[in-house]
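Keep the coordinates open while reading.

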Amino acid sequence: MEIKWTYIIIAVLYVLIFIIKAMIGELNKKYKEEMNAVEVRVFKKDFLTIVAVCAFVGMLIITILTTIGGMPFNINAFVIAILLVILSIISGFSKVLVIDQKAYVLMGEKIGEEDIKEIVVARSKVKIVTNKSVNYEFFASAKGKKHFKSIKKTEETIS
């Protein structure tokens, strides 16, 4: 595959991320206007973050080894890794709407109290396990973390 296609794919990913963020922003605005919601800024850890970190570490290792081996520096690997890290940062920052600490709007989807199986609040990490097959994991600041309370429902409570 030619290197230009890699840049084209990354550009398409940037466009998709910006479109998705705009759509989620509009959905959040609707929920914020209709309900008394508190907005909490978070950084979500997702697959793109893992790929970007691996690409960056791989680029560093390959660059060091090729430099030691006397080969020329590959600027494309560096640029692609940096573009992926920036894309990961843009994609990772998000907002969670907390509605009276009973419901949450995550990625544009309203998760009610009845849909939540468990909420785990650790140091800076918050994990929300739902009855659906989706789990949300993100990092919140100390100020934002106070809007989440750890809960664990038993099977009898859920039924």
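What follows covers the sheet, the cores, the aromatic pairs and a few individual positions.

The model is predicted.

Strand β2 pairs with β1 in the antiparallel sense, over seven bridges. Within that pairing, R41 has K95 of β2 as its bridge partner. V40 stands opposite V96, again in β2. On to the pairing with β3: three bridges join β2 to β3, and the two run antiparallel. There, L97 has V105 of β3 as its bridge partner. The hairpin of β2 and β3 has three residues between the strands. In this hairpin D100 takes a positive phi near 50°.

How many of the seven residues of β2 are buried? Five are, and the strand is mostly covered.

**The cores**

In soluble globular proteins, nonpolar side chains tend to be buried together. The largest nonpolar core here has 15 residues. V96, Y104, L106, V126, I128, F138 and F148 touch the most other members. Two or more residues come from each of β1 (37-44), β2 (93-99), β3, β5 (116-121), β6 (125-130) and β7 (135-140). Strand β7 gives the largest share, three residues.

Y104 shows how these parts meet. Leaving out residues up to four places away in sequence, Y104 touches V96, L97, V98, E109, K110, I111, I116, I119, I128, H147 and F148. A second core is separate and has eight residues, among them I10, Y14, A52 and L84.

**Aromatic residues**

A search of the whole structure finds five aromatic pairs. Two of them are set out below.

| Pair | Centre to centre | Angle between planes | Type |
|---|---|---|---|
| Y14 and F18 | 6.5 Å | 35° | tilted |
| F43 and F93 | 5.0 Å | 65° | edge-to-face |

Y14 and F18 both lie in helix α1 (residues 3-34). They are four residues apart, about one turn of the helix. F18 is partly exposed, at 46%.

The pair of F43 and F93 is edge-to-face because the planes stand at 65°. This pair links distant parts of the chain. F43 is in strand β1 and F93 is in strand β2, 50 residues apart.

Y104, F138 and F148 form one aromatic cluster. These three residues also belong to the largest nonpolar core. Elsewhere, K30 lies over the face of Y31, at 5.1 Å from the ring centre.

**Single positions**

T130 is in strand β6. T130 counts as buried because its relative accessibility is 1%. What lies 3.2 Å from a polar atom of the T130 side chain? It is the backbone oxygen of K132. Leaving out residues up to four places away in sequence, T130 touches I111, D115, I116, K117, N135 and Y136.

A103 is in strand β3. At 8% relative accessibility, A103 also counts as buried. Apart from neighbours within four places in sequence, A103 is in contact with L97, V98, K110, I111 and G112. L27 lies 76 residues away from A103 along the chain. The C-alpha atoms of these two residues are separated by 15 Å.

M107 is in the loop between β3 (103-106) and β4 (109-111). M107 has a positive phi of about 55°, although it is not a glycine. At 30% relative accessibility, M107 counts as partly exposed.

Methods. Residues are numbered from 1 along each chain as its sequence is written. This is a predicted model: local features need pLDDT of at least 70, side-chain atom pairs count only at pLDDT 80 or more; totals for chains, interfaces and linings use all residues. Side-chain values use heavy atoms; hydrogens and water are left out. Buried means under 20% relative accessible area, exposed over 50%, partly exposed in between (1.4 Å probe, protein chains only). A nonpolar core is a set of buried Ala, Val, Leu, Ile, Met, Phe, Trp, Tyr and Cys residues joined through side-chain atoms within 4.5 Å. Contact means heavy atoms within 4.5 Å. Two strands pair if DSSP finds at least two bridges between them. Rings of Phe, Tyr and Trp (its six-membered ring) pair if their centres lie within 6.5 Å; planes under 30 degrees apart count as stacked, over 60 as edge-to-face and the rest as tilted. A charge sits over a ring if NZ of Lys or CZ of Arg is within 6 Å of the ring centre and within 35 degrees of the ring normal. A polar contact is a pair of N or O atoms within 3.5 Å; within protein, one must be able to donate a hydrogen and the other to accept it, and residues adjacent in sequence count only if both atoms are side-chain atoms.
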